[in-house]
Amino acid sequence: MSALVPLREQLAALGAYHSLQVAADVRLNSNESPFPPPDAWLRALAEAVGQVDFHRYPDRDATELRAAVAGLHGVLPEEVFCANGSNEVLQCLLVAFGGQGRRALVFEPTYALHAHIAGLTGMEVVSEPRGGDLRVDPGRWRAAIERAEPDVVFLCSPNNPTGRLEDPEIVSAIVDASPGLVVVDEAYGQFSSWSALALRSEGRRRPRDGGGTKGLVVVRTFSKTWAMAGARLGYLVADPEVVAGCRDAALPYHLSVQTQLAGVLALRYVDEMNERVRRVAEARAELAEGLAGLDVETWPSDANFVLFRPRAKDARGVWRTLLAGGVLVRDFSARAGLEGCLRVTVGTPKENGRFLEALAGALR
Ligand SMILES: *Cc1c(COP(=O)(O)O)cnc(C)c1O
């Protein structure tokens, strides 16, 4: 290393966290939507961008966007914070409420960026292993919270990369038992039947319980279901005090005019988005059926991807053979708790067919 100042320790392992961007015919490695956003949205965005006064700064508080997101979920605009993708949402949250001398608790294996961003802000990260079904272990989480006394607990529901929704009762109990914030990352929330947002609205109806859900933070993104990974937009729904903290931690004018417009306009196409979710869920069922006929172990999925483990072949070798055949999936085989596992994103029926065919070949 020749730099005068060495890279911060927390950054040294970053390489491993990036999803590989290589050229492939069929890209099923980043859980993107296989469908582009609606044409009408793209036309409306182009038209609106043409009217922008680009010599002026954007609305720092993203007022219209936050009101539109609040409308979608039936909450107040003061309960919504938006940023450039949910990763920046998490970064702002942890710059505001994490940092040196504070502790985060994660249940591994889960989305690696939670521990990574927490570590970058200087937090100590405590990891607790998941149970045998790769969900939060009902018999162990309470002791983990009592031991760690975390300032921030991370949940991910449905969990990436394992695919299952967390048990709503357990999420609720974790919120009750946690001394600080409980972040529920719902990047895939639209694909599943339950959202922690339901707990927030229940909490509001029971104010005499002392605001039992005050520490609950639900994080969502436009990157997956909304087919807008390229636009970089995510948000959280939380107590107004949490939102105010995130705003203080964000850089001024971090959210560009184009991004704000993209979000506001996207929320006019909720029906089209729901239609996409339905089609992905259908394709997921077909994909699961195809996998069931092959020599792989699979886990049930409430999201737009499926985790699987070749039974008789080396996972890294299978991954390589798939890529040579033009199909890119995500290799988790070297991650603790996911030994031998690969993850495939649900694509279009045609892409899924190509994947299944290539996988059948690779397993032979
Ligand atoms: C994909 C994903 C995100 C999305 O990040 P963006 O910055 O919004 O694109 C967040 N959390 C999880 C668990 C994800 O899988």
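# Close-up views of a predicted model

**View 1. Ser195 is buried, with a relative accessible area of 14%.** Here, buried means under 20% relative accessible area, exposed means over 50%, and partly exposed is anything in between (worked out with a 1.4 Å probe and protein chains only). You're looking at a predicted model, where local features need pLDDT of at least 70 and side-chain atom pairs count only at pLDDT 80 or more, while totals for chains, interfaces and linings use all residues. Residues are numbered from 1 along each chain as its sequence is written, and side-chain values use heavy atoms, with hydrogens and water left out. Ser195 sits in the loop between strand E6 (181-185) and H7. As for those labels, helices (H or I, at least four residues) and strands (E, at least two) are DSSP runs, numbered from the N terminus. The Ser195 side chain reaches the backbone nitrogen of Leu197 at 2.9 Å. For a polar contact, look for a pair of N or O atoms within 3.5 Å; within protein, one must be able to donate a hydrogen and the other to accept it, and residues adjacent in sequence count only if both atoms are side-chain atoms.

**View 2. Arg247 and Asp61 join up through a salt bridge.** A salt bridge here is a side-chain nitrogen of Lys or Arg within 4 Å of a carboxyl oxygen of Asp or Glu. That rule gives a count of 17 salt bridges. In this one, the N to O distance is 2.5 Å. Arg247 belongs to helix H8 (residues 240-249) and Asp61 to the loop between helix H1 (39-50) and helix H2 (63-73), so the pair ties together parts that are 186 residues apart in sequence. Arg247 is partly exposed at 34% relative accessible area, and Asp61 is partly exposed too, at 26%. Ala62 is buried at 4%, and its phi is near 45°, a positive value in a residue other than glycine. Most residues other than glycine have a negative phi.

**View 3. Arg200 and Glu79 make a salt bridge, and both residues are buried.** Their closest N and O atoms are 2.8 Å apart. Arg200 comes from helix H7 (residues 197-205) and Glu79 from the loop between H2 and strand E2 (80-83), so this pair links parts that are 121 residues apart in sequence.

**View 4. Glu108 has a salt bridge to Arg335 and a cis peptide bond to Pro109.** The salt bridge spans 3.9 Å, N to O. Glu108 is in strand E3 (residues 103-108) and Arg335 is in the loop between strand E12 (330-331) and strand E13 (342-345), so the two tie together parts that are 227 residues apart in sequence. Glu108 is partly exposed at 23%, and Arg335 is partly exposed at 24%. For the cis bond, omega is about 0°, and Pro109 lies in the loop between E3 and helix H4 (112-120). Most peptide bonds are trans. Strand E3 also holds Leu105, which is buried at 0%. Leu105 and Asp151 are 46 residues apart along the chain, and their C-alpha atoms are separated by 8.1 Å.

**View 5. Helix H6 (residues 168-177) has buried residues, and on its other side, exposed ones.** Ile170, Val171, Ile174 and Val175 are buried. Down the axis of H6, the buried residues fall within an arc of 140°, so they line one face of the helix. The arc is taken from the directions from the helix axis to the C-beta atoms. An α-helix has 3.6 residues a turn, so residues three or four places apart point the same way. Over on the other side of H6, Glu169 and Asp176 are exposed.

**View 6. Helix H5 (residues 141-148) packs against H6 at an angle of about 20°.** The two axes are 11 Å apart. That makes H5 roughly parallel to H6. Axes are lines fitted to C-alpha atoms, for helices over the stretch in contact, and angles run from 0 to 180 degrees between N-to-C directions. Under 35 degrees counts as roughly parallel, over 145 as roughly antiparallel, 65 to 115 as roughly perpendicular and the rest as oblique.
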